[in-house]
Amino acid sequence: MINKKKVLLASLGTLGGLAAVAVAGFMVAGPMVYDAKLSSVLNLIEKRVSGLNLSYEETSSGLFSREGIVHWSFPLNRSNDFNLNDLSGSTSIKVVFAPFAINGEFHSEKGGTLDALLQQNLIAGFAYQGAFKVKALLPEVNLAVKTDNTVLGLEDGKCALGQIALFISASSPDKADLEFNAAGFNCKSDVRYAGQSAYSVKLEGLNIKGHPSYINKNININGISLGLADFYADFSTLYAIGFSPDDAVRDPSLREYFSVHGIGADFEIKDPDKDGFSEVISDGSGNLAFAFPFVEYGERQELTEFNDFKYNFSLGKINLKELIKVFKVSEKEFLAQLIKAVGNNVQFKLNNLSSSYKKDGFVISGTADALIDKEKFKVKDIRADFDVKSGKDFTDYLVHKERSDLISSSLAEGKITFEDPYYVTKFKLQNGDVTLNGVPFKAEIDD
């Protein structure tokens, strides 16, 4: 009679033995493959990046590990501003072969023309390090690269740059997840205007995520997310327009201010159609404040604040490859290339554009579309239909007191209505004619 328990134990023992052999085989074969293929990989990278030169120097070799230094150089044009023939540097790398996985770490080494260039430009403390992991059973590659805190010297001040990190994760050769994080920077001038620094600019908490794919030899980005914790700029007006602190001016204290915080935005790019055109969808939120001027005759002015700013829209259709070319063509070719980048019928849908301002704010939604004549490179027809609500406080901000008659006359003519605390209207544009609540509207320049 067959002893099932013994058969089970024998089977498990066999499987365990095979697994042990497989693990041992992977760990022994891994370093052998690494040694045999490393030079081919470096040569492949050199072919992909024209002019790049790579060489490898082994510093340590263990049964299941390898350590070495990759020396790299990249030629520069003779007319470069750095007076260097090339950029060069070195990166230390350590690879450890684990059961069905490869772990690695790397960091920058001192030396090379890159270090000399950084010192020449008053950049102190720059260094980078990172780690990677490759899994064999469930194919996955993870890479993390980080820089150290850095100080950048400027002609009239300095910038403290926080850590920068890049994370890449991929479980297939045609898709990846990217994440970029920047702790931020803090820049300040040593030059003083009316006792204050010429400028103070600070950014904190920048985060960008993307999901690129590689299909049919083309790189596509299906979505991007952006986050920003805080940014502000406070600067002397005189500095910005080129005056020195010693110039005799009416108000040497004049300053400007702009800030945003709690910014979040998502961009989704739909799969392109057969002609390469995609629909773009985006929504976001944040808060902003500004004052122009911020300081006048030594006194701080009230900030204009837009809190809980939100938007949501879709735009179609756009050929992103052709749109990128807009930034590469000459000024004469700009319009023709821009029209080439959009579809024959451009459609814009604004689901929401809103913000609070003091006790009210504004809310706008609607649609617009334009027919494009690509043969004559011109827009044939533009149509728009928007619902607009503007709070009393916000309207008073937009309309100067001396033009308050514009509001009262528009109310009397039915172009706008008042639904406390909002002024409300329906804006329409068709065949070149504009109506507000169905009433024809022709704006004067001052309106």
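What follows is a short tour, from the overall picture down to single residues.

Keep in mind that this is a predicted model. The protein has 447 residues, and 30% of them count as buried. Its chain is organised into 7 helices and 26 strands.

**The big picture**

- If you look at contacts with a separation of 6 or more, residues 24 or more positions apart account for 54% of them.
- The protein exposes about 28200 Å², and carbon and sulfur atoms supply 58% of that area.
- There is 1 disulfide in the structure, and the salt bridges come to 15.

**The disulfide**

- As a reminder, a disulfide is a covalent bond between the sulfur atoms of two cysteines.
- Here, the cysteines are Cys-159 and Cys-187, with 1.8 Å from S to S.
- This pair links distant parts of the chain, as Cys-159 sits in strand 9 (residues 157-161) and Cys-187 in strand 11 (residues 175-189), 28 residues apart.
- The link between Cys-159 and Cys-187 is right-handed, with 115° about the S-S bond.
- Are these cysteines buried or exposed? Cys-159 has a relative accessibility of 5%, so it counts as buried. Cys-187 comes in at 9%, so it counts as buried too.

**Arg-255 and its partner**

- Some background first: side chains of opposite charge can pair when their charged atoms come close.
- Asp-234 and Arg-255 form a salt bridge, and their closest N and O atoms are 3.0 Å apart.
- Asp-234 belongs to strand 15 and Arg-255 to strand 16, so this pair ties together parts that are 21 residues apart in sequence.
- Strand 16 covers residues 255-269, and Arg-255 lies in it.
- Both Asp-234 and Arg-255 are buried. For Arg-255, the relative accessibility is 7%, which is why it gets that label.
- The side chains of Arg-255 and Asp-234 are also joined by a polar contact of 3.0 Å.
- Which residues does Arg-255 touch, leaving aside neighbours within four places in sequence? Its contacts include Tyr-193, Gln-196, Ser-197, Ala-198 and Tyr-199. Among them are also Asp-234, Phe-235, Ser-236 and Thr-237, as well as Pro-293, Phe-294 and Val-295.

**Other salt bridges**

- Asp-387 pairs with Lys-426 in a salt bridge, with 2.7 Å between the closest N and O atoms.
- That pair links distant parts of the chain: Asp-387 is in strand 22 (residues 378-391) and Lys-426 in strand 24 (residues 422-430), 39 residues apart.
- Asp-387 is partly exposed, with a relative accessible area of 36%, and Lys-426 counts as partly exposed at 33% relative accessibility.
- Lys-415 forms a salt bridge with Glu-413, and here the closest N and O atoms are 3.0 Å apart.
- In that pair, Lys-415 is buried, with a relative accessible area of 12%, whereas Glu-413 counts as partly exposed at 43%.

- Which residues make the nonpolar surface patch of about 590 Å²? Look for Ile-208, Tyr-214, Ile-219, Ile-221, Ile-224, Leu-226 and Phe-267.
- Strand 14 (199-215) and strand 15 (218-236) are the elements that give two or more residues to the nonpolar patch.
- Strand 15 supplies the largest share, with 4 residues.
- Leu-226 is found in strand 15. This leucine, Leu-226, has a relative accessible area of 34%, so it is partly exposed.

**Around Val-434**

- Val-434 is in strand 25, which covers residues 433-436.
- Not counting residues up to four places away in sequence, Val-434 touches Phe-427, Lys-428 and Leu-429, along with Val-439, Pro-440 and Phe-441.
- The C-alpha atoms of Val-434 and Ala-384 are separated by 9.2 Å, and these two residues are 50 residues apart along the chain.

Definitions and conventions. Residues are numbered from 1 along each chain as its sequence is written. This is a predicted model: local features need pLDDT of at least 70, side-chain atom pairs count only at pLDDT 80 or more; totals for chains, interfaces and linings use all residues. Side-chain values use heavy atoms; hydrogens and water are left out. Contact means heavy atoms within 4.5 Å. A disulfide is a pair of cysteine sulfur atoms within 2.5 Å. Buried means under 20% relative accessible area, exposed over 50%, partly exposed in between (1.4 Å probe, protein chains only). Patches are made of residues with over 30% relative accessible area and no salt bridge: like charges are joined within 9 Å, nonpolar side chains (Val, Leu, Ile, Met, Phe, Trp, Tyr) within 5 Å. Accessible areas come from the Shrake-Rupley method with a 1.4 Å probe; for residues, only the protein chains shown count as cover. A salt bridge is a side-chain nitrogen of Lys or Arg within 4 Å of a carboxyl oxygen of Asp or Glu. A polar contact is a pair of N or O atoms within 3.5 Å; within protein, one must be able to donate a hydrogen and the other to accept it, and residues adjacent in sequence count only if both atoms are side-chain atoms.
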